[in-house]
Amino acid sequence: FATDLQLHAALQWLDRAPFRASEALRRAQIINRSVSKDLTELLTQLRLDTASQTLGSAVQNALLPWVGQVEIRLSVPSDLVISPTTTHEISRVVAEAVANTVRHAEANLVEVRVSVDERRLFVEIVDDGKGFDTARSGEGMGLASMRERATQLPSGMLELDSSRNGTRLVLSMEYESEPAA
């Protein structure tokens, strides 16, 4: 917001008083640097918060804001060992998917299931909401963010199916069991 005000001021002064426009641009640059530093620190803290958590506890914590707004069922194998970075990315995808469900789907139930086979890990998020037309709705920031996070995972993929009976999102990735600590 503050950056926008400074940029607006710079545009207003550009023709009449270039020096004032320059000052407004310098202030906008300082604000952007400060915000960037704050965001970097915040993101680092978020990663540290999930670094010591199991996937189950990280996902459970990511779901806390939505408890009471929709019934949530969570199933994560207790013996699953994955890296802190993977734990963080998965918990953020789950959080965004459930946030979208609560905001848009009018769902009563969301199920989050994590499973593994010999080579892949799967995170399935299913709701009983009203669904949406994936071809017509475009891709909002939430879905784009989830797709981007999926690409950060080894051979990560995000699949989405939706109908009037609900939505099913599956995040899958290459999986090799990490040795227990």
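The model is predicted: local features need pLDDT of at least 70, side-chain atom pairs count only at pLDDT 80 or more, and totals for chains, interfaces and linings use all residues. Residues are numbered from 1 along each chain as its sequence is written, and side-chain values use heavy atoms, without hydrogens and water.

**Core.** The largest nonpolar core has 30 residues. Such a core joins buried Ala, Val, Leu, Ile, Met, Phe, Trp, Tyr and Cys residues through side-chain atoms within 4.5 Å. I90, V94, L121, V123 and I125 have the most contacts inside it. Elements that each supply at least two residues include α4 (84-105), β3 (120-127) and β5. Helix α4 gives the most, with seven residues. Helices (H or I, at least four residues) and strands (E, at least two) are DSSP runs, numbered from the N terminus.

**Two residues compared.** Buried means under 20% relative accessible area, exposed over 50%, partly exposed in between (1.4 Å probe, protein chains only).

**Around S172.** Contact means heavy atoms within 4.5 Å. Beyond four places in sequence, S172 touches R120, L121, F122, S155, G156 and M157. S172 and I90 lie 82 residues apart in sequence and 9.8 Å apart in space, C-alpha to C-alpha.

**Around L121.** Leaving aside neighbours within four places in sequence, the contacts of L121 include I90, V114, L171 and S172.
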